[in-house]
Every structure is written in structure tokens, then in C-alpha cells.
Amino acid sequence: MSENNKIGTYRFVAEPFHVDFNGRLTMGVLGNHLLNCAGFHASDRGFGIATLNEDNYTWVLSRLAIELDEMPYQYEEFSVQTWVENVYRLFTDRNFAVINKDGKKIGYARSVWAMINLNTRKPADLLTLHGGSIVDYVCDEPCPIEKPSRIKVTTKEPVATITAKYSDIDINGHVNSIRYIEHILDLFPIELYKTKHIRRFEMAYVAESYYGDQLSFFQEEVSENEYHIEVKKNGEEVVCRSKVLFE
């Protein structure tokens with residue numbers, strides 16, 4: 001299989017209801033597009049959610065790191081490319097490139113996924129699924145950004161607390177991975193977004209949370225323009241961690 005056939009390319013438009021007050025695509029919408037592209041790419045190759053659900057398996061996002069020079073502007077066309085970088089026994093590395101209307105790569109993303117059994121919630125062995133054919137899609141296309149890093153938060157006082165509501169819950173019955181991104185970015189004042197943009201954004205997903213859970217947000221500025229955030233449910237269990245780097 002040629003390297004080109006291993007890369008999926010998907011086209012989008014920055015719709016007016018997908019941009020922020022600056023007219024730029026929001027990080028939440030971009031994250032949604034990346035996850036959709038991962039789904040399209042996997043489905044086209046026989047590893048999509050619908051096929052897996054028939055066998056009681058599904059994909060779970062573990063890590064996401066996005067690095068951008070700029071965001072697409074309102075009404076601009078752009079595309080997302082995605083490919084599989086590595087397959088291990090229990091997880092796989094999937095990368096992305098964001099390409100603007102002129103064909104220039106304006107950002108990249110790295111993600112880590114596991115496949116779990118819907119009944120046991122335990123990881124599946126990717127190298128035995130479909131006879132291990134998933135490794136046929138591994139591609140050596142470069143992704144010139146750092147892998148997701150370890151995020152540590154030591155502060156004990158939350159800066160915000162919310163209750164998971166209807167619009168937070170996805171088809172799996174837990175808080176949607178993109179909703180965490182939106183809630184985290186809401187922690188910062190709008191004045192910050194008037195003068196700076198997000199250069200790098202990371203998410204590390206640890207546990208699931210559900211309707212009615214109290215989500216507490218703990219935030220630290222670890223260096224100038226770099227923030228680490230930890231989200232706990234019901235005052236105890238960590239559900240995710242994030243790093244936001246402004247520029």
C-alpha cells in the first residue's frame with residue numbers, strides 16, 4: 001500500500017457558528033473535526049466505531065496535543081489530514097495536519113487511542129484484531145511537534161466548579177471529550193483572547209464523568225503564558241489534565 005493511500009484528507013469550511021469573536025475557528029470545533037477525521041479514516045479501513053460496536057469494542061481517546069501557527073478564519077476552506085504513526089498492543093498513535101486554503105500546513109496534532117471492550121471496559125489487543133491488519137496502515141509521514149507531555153498540577157483550590165449537564169453528555173453516556181476542552185478554555189478571561197492565541201493545547205484523559213457529576217477545575221500558571229489544568233469529579237477522582245500555551 002502506498003504512503004498516500006494511508007493518509008486520509010477531509011475538507012471543511014470555517015462556518016460562522018464555529019468561530020469565536022475574533023472570527024477564528026474555536027479549539028473545540030477543531031478538536032471535533034480531528035476526532036471526526038480519525039473516525040472517517042478508521043471506518044474507511046474497517047476499524048470504525050460502527051464495525052467495532054458490532055463486536056462490542058470502541059475507540060477511546062487517551063491523549064491529544066495540538067500545535068498551531070494560526071486558525072482558519074470565518075468562511076475559509078481548510079482540510080485535515082490524518083494517518084497512523086504507530087500501533088502497539090494496547091494503543092495506537094494517530095497524527096494530523098491542518099492545511100489552509102492555500103495548501104500551507106498551519107498546524108499539527110498528535111493523539112493516542114486505546115480500543116476497549118464495551119462490556120469489561122478493558123483494553124483490547126490491537127495486534128490480534130482483524131488478524132493484526134491495522135499495522136498495514138502505519139505511515140511514516142512526519143509530524144514535527146512534540147508528543148503529549150506529562151502535566152502536573154499541585155494547587156488544592158479550584159478556580160471553578162460546574163455540574164455536568166445535558167449538553168455535556170455524549171452517545172456513550174459520559175461527558176464528551178470536547179466539552180472538557182471548551183470548559184477549560186472558558187477559565188481564561190476574554191481579554192486574554194483579544195491579545196493572544198493558543199499556540200499549543202494538550203489534553204490527557206484519565207477517567208470518565210457522568211451527568212450530575214461535580215467537575216472542579218484546578219489551574220496553575222507554571223511559566224509565562226503556560227497554564228496547567230486538572231479536572232476532578234466530585235472532589236476526588238481526576239478525570240483529565242490539560243496544558244494551554246498562549247502566544
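I count a salt bridge when a side-chain nitrogen of Lys or Arg is within 4 Å of a carboxyl oxygen of Asp or Glu. This is a predicted model, so I kept in mind that local features need pLDDT of at least 70, side-chain atom pairs count only at pLDDT 80 or more, and totals for chains, interfaces and linings use all residues. Side-chain values use heavy atoms, without hydrogens and water, and residues are numbered from 1 along each chain as its sequence is written.

**Entry 1: the count.** By that rule I get 16 salt bridges.

**Entry 2: Glu202.** I found Arg200 and Glu202 paired through their side chains at 2.8 Å, N to O. Strands here are DSSP runs of E, at least two residues, numbered from the N terminus. I read 2% relative accessibility for Glu202 and 14% for Lys243, which is buried too. Shared partners join Glu67, Arg200, Glu202, Glu226 and Lys243 into one network.

**Entry 3: Arg199.** Its side chain meets that of Glu247 in a salt bridge at 3.9 Å, N to O. Arg199 is in strand β7 (residues 198-205) and Glu247 in the segment after β10 (237-246), 48 residues apart. I noted Arg199 as partly exposed at 22%, and Glu247 as partly exposed at 48%.

How values were computed:
Helix = DSSP H or I, 4+ residues; strand = E, 2+ residues; numbered from the N terminus. Buried < 20%, exposed > 50% of the residue type's maximum accessible area, 1.4 Å probe, protein only.
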